[in-house]
Amino acid sequence: MPIGLFALALAGFGIGIAEFVIVGLLPEIATQYAVSEAAAGILVSGYAIAIAVGAIALTAAVSRFNRKHVLLGLMALFIVGNLICAVAPTYEIMLSGRVIAALSHGAFYGVATVVAASLVDEQKKARAISFMFAGLTVAMVLGVPAGTFLGQVAGWRSTFWAITLIGAISTVGIALLVRWVTTTTATGQRPARLRDEFRIFGRGQVLASALISLLVSGGVVGSFTYIAFLYTDVSHISEGTIPWLLLLFGVGTFLGNALGGKLADRSIDRTLLMFVPALAVVATAFALTAQVPALAVVLTGLMGVVAFTNLPGMQLRIMSLAGDAPTMASGVNIAALNIGNAVGVALGGLVLSTSMGFTGPLWVTAAFAATAFLVLFASLRATTTNSKTAPETAPQSTTIPAGNPSFTSSSN
């Protein structure tokens, strides 16, 4: 893999910690600011909403600029946001820091995905995207448990200081290791105008792909946010074991992401057809057997695997469906992922007060994944029907104009 991908992955590592470590620190933060658990949860759901806004609004604003400059600017914004969190004297300032960091988060992944795909040959696009997202999965494996442990030992503010430092180091890495990536196409033309890029919102297949991402991600994050309560109150696992279970989930996400990249390079749709319903099955099994500690441990790791095996395929699918506007399409998918996160966290919180209790968020995960599978199946059926009724023409391909502008991807 090109060395520039390592710099992007390191940035993804820091961003991944910032997004998810808050889950393990919520009790301490709620106590610090004397706010309720629900108010503390806004630091998770509000972050997800801000990611969605940044993924579309900031991506649109910077789509015509040099992508390396854009990445550096976004990382600077990420550093500022987490620095504010580290020193925030009040809950409101803490929330504002989270929002600032999240705005850069969404746009960063939207742009970095296109940059990663531009650095490799056609047959390795999904693996390059997977490698870039590996930073996120390593954050789940090592960063989140380590950040949670650091926060418990040295105070939660120390975790945000560490994230700020990682952000600074990765910014230097991007500056030195990622080659200049322009926005010109293979013919030397400028990319589509902004209003043309927004036309992807009128494409049913693009919107269906975004909905799949929304449902899958929302289901996973919705249950993950409250999983510590499930461990202690349903599985009767001690609090001291929770960081190790988060580590296990992170190992699962790392393995799933790597597997998903390889499988998606062979067939995006077959990969999603297999692992989207697998997520529904695993979540259902977890909800039914959560009271058994050993099964809770096994299903924690398995859920990480099946959830993140879908990630590279979901990202590459929407980019393939909107090859004339890849950065916007990538941003739309990042936005969908995080809108899903906010919805999943909100619904997960609502079902906690029902008879389902702390297993409720897992049932939400199962329902979301099952719905995502139905959307995927309907989308593929529509594609097959249209291909049979349309006049026979030469196979179409889509082009993603980034540094190496020869990104062509036929649909599966």
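Helix 1 is largely enclosed by the rest of the structure, because 15 of its 17 residues are buried. In this predicted model, helix 1 covers residues 4–20 and reaches 25 Å from its first C-alpha to its last. That is close to the 24 Å expected at 1.5 Å a residue.

Let's zoom out for a moment. The chain has 16 helices and two strands, and buried residues make up 57% of its 412 residues.

Now back to helix 1 and one of its residues. What does Leu-8 touch, leaving aside neighbours within four places in sequence? Its contacts are Leu-71, Phe-108, Ala-112, Val-115, Ala-116, Met-132, Ile-174 and Val-178. Leu-8 is also among the residues with the most contacts inside the largest nonpolar core, along with Ile-22, Met-94, Phe-108, Phe-160, Ile-174 and Phe-286. This core has 122 residues, and its largest share, 13 residues, comes from helix 5 (residues 91–118). In soluble globular proteins, nonpolar side chains tend to be buried together.

Is Ser-213 buried or exposed? Ser-213 counts as buried because its relative accessibility is 0%, and the cut-off for buried is under 20%. Ser-130 falls under that cut-off too, with a relative accessible area of 6%. Here they are side by side:

| Residue | Helix | Relative accessible area | Contacts beyond four places in sequence |
|---|---|---|---|
| Ser-213 | helix 9 (residues 204–225) | 0% | Gly-218, Met-314, Asn-333, Ala-336, Leu-337 |
| Ser-130 | helix 6 | 6% | Asn-257, Ala-258, Gly-261, Pro-312 |

Finally, let's turn to an open space. The second largest pocket holds about 680 Å³. Of the 28 residues that line this pocket, Val-23, Leu-26, Pro-27, Ala-228 and Phe-229 are the closest to its centre. Which helices each supply at least two residues of the lining? They are helix 2 (22–33), helix 3 (37–62), helix 6 (125–154), helix 10 (227–233), helix 11 (242–266) and helix 15 (326–351). By type, the lining divides into 17 nonpolar, eight polar and three charged residues.

Key: Residues are numbered from 1 along each chain as its sequence is written. This is a predicted model: local features need pLDDT of at least 70, side-chain atom pairs count only at pLDDT 80 or more; totals for chains, interfaces and linings use all residues. Side-chain values use heavy atoms; hydrogens and water are left out. The expected span of a helix is 1.5 Å times one less than its number of residues. Buried means under 20% relative accessible area, exposed over 50%, partly exposed in between (1.4 Å probe, protein chains only). A nonpolar core is a set of buried Ala, Val, Leu, Ile, Met, Phe, Trp, Tyr and Cys residues joined through side-chain atoms within 4.5 Å. Contact means heavy atoms within 4.5 Å. On a 1 Å grid over the protein atoms alone, a cavity is a set of points where a 1.4 Å probe fits but cannot get out, and a pocket is an open set with protein on both sides within 12 Å along at least five of seven lines; lining residues have an atom within 4 Å of a point. Grid points are joined across faces, edges and corners, and a volume is the space filled by probe spheres set on the points. Ala, Val, Leu, Ile, Met, Phe, Trp, Tyr, Cys and Pro count as nonpolar, Asp, Glu, Lys and Arg as charged, and the others, Gly among them, as polar.
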